Amino acid sequence: MTKKKIVAATGCPTGIAHTFMAAEALQKAAEKLNVEIKVETHGQVGIENALTPEEIKAADGVIIAADKDVQADRFHGKPVIDVPVSKGIKDPEGLIEQILQGKASIYYASGYEGTDEGEIVQDGAPEGNSRKWVHAIYKHLMNGVSHMLPFVVGGGVLIAISFLFGIYSADPKHEQYNEFAALLKEVGDLGFSLMVPILAAFIAESIAKRPGMVVGFIGGLLASQGGAGFLGGILAGFIAGYIIILLQKLLKGLPRSLDGLKSIFLYPVLGIFLIGIIMKPIIIPVTGLNEGLMDFLASVQSTNPLLLGLIVGAMCGFDMGGPFNKAAYVTGTLLLAEGNLYFMAGVSAACIAPPLIIAFATVLFPKYFTKEERNAGAVNFILGSTHITEGAIPFAAKNPIVVLPIIMLGSSIAAMLTYLFKVQVPAPHGGFLVLPVVTGAFQWVIAILIGSMVGALLYGMYRKKAAQK
């Protein structure tokens, strides 16, 4: 009997953990179900194990488990299951079974021409397609965040390193001035300044492919220079993407011989003109909203750090890489560009704590965990220390009703203490690897360890009680 063939693509905004966890889960499930599978991963280093046109053509179905754009137009005419990346981790067998049982909907990309000449492809399908509009909006946003992150990390860390030479080391008029530090600050600031345009560009690119990216970048620049910040950048990205979709529909009647002209001339010229007209009047109110949000967060950080820590910790610990976690993480990341290094410190602490909770529990209560779980617990020390929250997911999945509240509590304690200690973290990722550039590094580690130990003790006692029943 010939094996069924499935191809898959996985991707998450950070491109570090969920991407590869989903790929591994799908591969193990396929082996169990005697199905041949090839999984393409869209990680932070780019596309790995890329699918060829021949492999896609020969496949009986496609699984997209991603929270970012994975070039779905390639799968035109194939049975496709399109779900968040977390679904690929939690229910890989169910996804494969849907393909095998013929329950996947045929994917259609409107305007699909099968060329590499910049043809605009709008995600779409007939009735019955599994794509939900909410997930589509989330995916477009996360595509922007995914491409923006390296700019924030690189720029933020370089700026922080420049401060190690003195807080005024980049000022040529000050006695602390250091030429190398000034260079670091200059380059870091440049990286930060591109954050909002890149965010907008790749939101638009996810919606309308390459022509959308150009218009989104200009819209993001307008938002950034006008003071509208990341809120303006998000808005510009979506507006730019759908401007291009609209132009595609309006210019659809032009002769095919003008297709090249549309992509290289009409779309960028008309798109940039329209985004300029639309963005100008909305920049002022969005700027006010952005400044109001900054002031509110600054106020809460200083007047009620416990409440802020509770909210941030609960969000980060609730789904560990899912929408709630990403909402807090993206907010912290975007606030870095506004000069707010406090909010991200709490988010990072709350994301680092869950795997450390598991790791410490397996060390403190070893006899209540299997050998396999203890080995996984040891790995969680590494995952937690490098800000990879997802290591706790397999443990939480066994009894989420009990384990998730414990993790949320530990994460909240870590975040609360971080805000009370007024720790500042300039990078949105890296965990303890960025300690040299963290302001209040010792306090930050203490906050995380206290939250993690509280959670570990509660989780260990739960496992002990469960084993005695």
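Is Phe165 buried, partly exposed or exposed, and why does it count as that?

Analyst: This is a predicted model, in which local features need pLDDT of at least 70, side-chain atom pairs count only at pLDDT 80 or more, and totals for chains, interfaces and linings use all residues. Residues are numbered from 1 along each chain as its sequence is written, and side-chain values use heavy atoms, with hydrogens and water left out.

Phe165 counts as partly exposed because its relative accessibility is 39% (buried means under 20% relative accessible area, exposed over 50%, and partly exposed in between, with a 1.4 Å probe and protein chains only). The structure holds five aromatic pairs, where rings of Phe, Tyr and Trp (its six-membered ring) pair if their centres lie within 6.5 Å, and planes under 30 degrees apart count as stacked, over 60 as edge-to-face and the rest as tilted. One of them joins Phe165 and Phe180 edge-to-face, at 5.9 Å centre to centre and 75° between the planes. This pair links distant parts of the chain, 15 residues apart, with Phe165 in the loop between helix H5 (133-163) and helix H6 (179-193), and Phe180 in helix H6 (helices are DSSP runs of H or I with at least four residues, numbered from the N terminus). Phe180, at 48% relative accessibility, also counts as partly exposed.

The pair of Phe432 and Trp444 is edge-to-face as well, because the ring centres are 6.0 Å apart and the planes stand at 90°. Phe432 lies in the loop between helix H15 (400-420) and helix H16 (441-468), and Trp444 in helix H16, so this pair ties together parts that are 12 residues apart in sequence. Both Phe432 and Trp444 are buried.

Terms used: Helix = DSSP H or I, 4+ residues; strand = E, 2+ residues; numbered from the N terminus.
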